[in-house]
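These are my notebook entries on one structure.

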Amino acid sequence: MDLSRAQAALLERGTPAQRKAMRILVALGEMNGARDLVPVTSAHVSGASYKLIGDPGLEFLEDFARDARVVVPTTVNPLGTDLRQWRALGIPRSFAEKQRRIARAYERMGVRPTYSCVPYELGVRPGLGDHVAWSESNAVCFANSVLGARTNREGGPSALAAAIVGATPNYGLHTSGGRRPTVVVRVTTRPRGFDYSLLGLVAGERVGDGLPYFRGFRASEADLKWLGAALASSGSCGMFHLAGVTPEAAGVRTRGLPTIRVTRADLRDAQRSYTNGKDPDVIALGSPQLSSDELRAIARLVDRKEPRIPVWVFTSRAAREANPGAVRSIESRGGVVLADTCLEVTLLEHRFGTVATPSGKGAYYLPSLCRQKVVLDDIEALLERYA
Amino acid sequence: MKVLARPIAPGRASAIATVSRVPFSFVGGADPVTGRILDRSTDAAGTKLAGRTFAFPHGKGSTVGSYVLYGLVKRGRGPASIVNARAEAIVAVGAVLAGIPMVDGVDVAGLRTGDRVIVDADRGFVDLPDVRAVPVVTAILRNAGRILLVRRSGRVGSFRGRWSAVSGYLEGHEDTRDRARREIREETGITRARFRGTAPAIIARVGTTAYVVHPFLFDVPTRRVRLDWENVESQWIRVDDLGKYATVPRLADVVAAVTA
């Protein structure tokens, strides 16, 4: 791989953290046939929940933070609990304490304490053609597909390495060739709201690590958030196109590609197959974290009808603080609004065995990451049924 | 035996090998405190990783494995080096973080637990000083969906009576593909063989001897075969039937490497 003079100097004579970061990027670049390292304008790092990375992750991050400093704006994924509400949630003190140490390690490195899986809803919106180094699969899918920025599906350490060096290996979704669709997904039904999660689950299962080109429907940015999150969970897609909507769809050729059809019946089947529980203990909303608009919409729904089981909402700190009225509404009806954490990375399984959620991503991960049962359904239907 | 390898994480280490034939996850596969291997499918369960060259096909499982490897090496409970057939990000990142040498592109099925191994990721090779390398070429001949097996005669130096593909020893620094063509001419009389592909070397171990097999695939226009003294009979078989024949070691892997 070709290194610039400055990059070669970092590899040879940088601080220990810089040398390690360069070695990670060179190893991954060589493994994947990258030509060089491309400069990035931002980084987003996953791997902040103590529940997921445990003592090994905590130990590494604290060691690394001794001299690692990020050189581009860097955001970080949700923590394993809301550190301002952990006592009320019944989280063990040792868990909260270790979670706090992970957060401190990231902050020492200069990472912005966003603790969010939706950096694109917090003002981090790279433009068309901008190279970035993001991990967190839903954010990767959104950045590539909806914003037209360029990032591979980075892992936590590789995104952190890119943040420290300011560059990432140039291959895959950073290259125009890597952004061409491999399969057309013709959707024969008109998706609304919750359907986007189901469509993502179905398409992800069928295209695997391919790059789908959807046609047959229009969608808002919020719809595409839920589509991409589910698509990147059941499949390992880092990007999709949607004809007439996403910024790079017009410029690609689809002639000769295999075509998959997704019907209304496929969506219904997905909902059934991802529902493996009944009688949920909680309705959980998040994964990815809700935006301000989505938070307010939930508040309006619970205002109309008080739910019998608690509603737990996961959102960003910024959205929670910007919407005190919505938070009050939800909390006054037995609900909880958590910030800085999210559905499947939070410590929740000690309280609830079965979770009802409209999130396709949540339905995909809860059974394995949290050993919980799932009821997958539309939020309005859930509130209707459990009110 | 010295084989070329692709450097993944820099450094050089000499150690005794622990070999797993199956992919490995550092999360759940090894005790993060003691470095004891827990995964029973590895044939190395119960042994400790500390100070060993750990060879396995490739990593799998949770990405937290990178941090587990880091922590093990930091406490002196981790491997001295890593050899993979095909590196992936979890183990590669873990080896870099831990600061241990790692290479890939090596047929780890040719390594044995207990082998003395030098991993040189700076110069890109793996050396087994106690193992004698015997470089050979093996040419899989294909005609209309069948491949040629020949049964080795009693007059050859090794694997007498076993089924094999056309093969021969490499001499000096000759080109492997040229040698393959010459063996095809000598052993079958076929002169018009079309090169279709090759693959990284397969290592067939017999005690302290390692046959380093360079596999080739050729399409040939005829099934008429004129054997020389090295073989006593020949058969054109379907690849699926290979398991019914008593073959030289790892012939199935050689066939799979070039026909997959």
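Entry 1, chain B. I found 5 helices and 16 strands in chain B; helices (H or I, at least four residues) and strands (E, at least two) are DSSP runs, numbered from the N terminus. The model is predicted: local features need pLDDT of at least 70, side-chain atom pairs count only at pLDDT 80 or more, and totals for chains, interfaces and linings use all residues. Residues are numbered from 1 along each chain as its sequence is written, while chains are lettered from A and ligands numbered from 1 in the order in which they are written.

I noted that the C-alpha atoms of chain B fill a box of roughly 65 × 35 × 30 Å along the principal axes. Of the 260 residues in chain B, 47% are buried. A residue is buried if 20 or more other C-beta atoms lie within 10 Å of its own, exposed if 12 or fewer, and partly exposed in between, with C-beta atoms placed from the backbone. Among contacts in chain B with a separation of 6 or more, 71% join residues 24 or more positions apart; a contact requires C-beta atoms, placed from the backbone, within 7 Å.

Entry 2, the interface. I looked up the contact between the chains, which takes 17 residues from chain A and 17 residues from chain B. On the side of chain B, β2 (6-9), α2 (65-74) and α3 (89-98) each supply at least two residues. By class, that side has 14 nonpolar, 3 polar and no charged residues. Here Ala, Val, Leu, Ile, Met, Phe, Trp, Tyr, Cys and Pro count as nonpolar, Asp, Glu, Lys and Arg as charged, and the others, Gly among them, as polar.

The largest nonpolar core has 209 residues, and A:V313, B:A92 and B:A95 have the most contacts inside it. Such a core is a set of buried Ala, Val, Leu, Ile, Met, Phe, Trp, Tyr and Cys residues joined through C-beta atoms within 7 Å. I then followed B:A92: leaving aside its neighbours within four places in sequence, B:A92 is in contact with residues including A:A27, A:L28, A:M31 and B:M102.

The axes of α2(B) and α3(B) come within 8 Å and cross at roughly 30°. That makes α2(B) roughly parallel to α3(B); angles under 35 degrees count as roughly parallel, over 145 as roughly antiparallel, 65 to 115 as roughly perpendicular and the rest as oblique. The residues of this contact divide into 9 nonpolar, 3 polar and no charged.

In chain A, the axes of α5 (residues 137-147) and α8 (residues 221-234) come within 8 Å and cross at roughly 125°. That makes α5(A) oblique to α8(A). The contact of α5(A) with α8(A) comprises 8 nonpolar, 5 polar and 2 charged residues.

Most residues other than glycine have a negative phi, and most peptide bonds are trans. I found a cis peptide bond between A:S287 and A:P288, with omega about 0°; A:P288 lies in strand β10 (residues 282-290) of chain A. A:Y115 has a positive phi of about 45° and is buried, with 25 other C-beta atoms within 10 Å. B:F159 also has a positive phi, near 50°, and sits in the loop between β10 (146-152) and β11 (163-164) of chain B. B:F159 is partly exposed, with 19 other C-beta atoms within 10 Å.

How values were computed:
Axes are lines fitted to C-alpha atoms, for helices over the stretch in contact, and angles run from 0 to 180 degrees between N-to-C directions.
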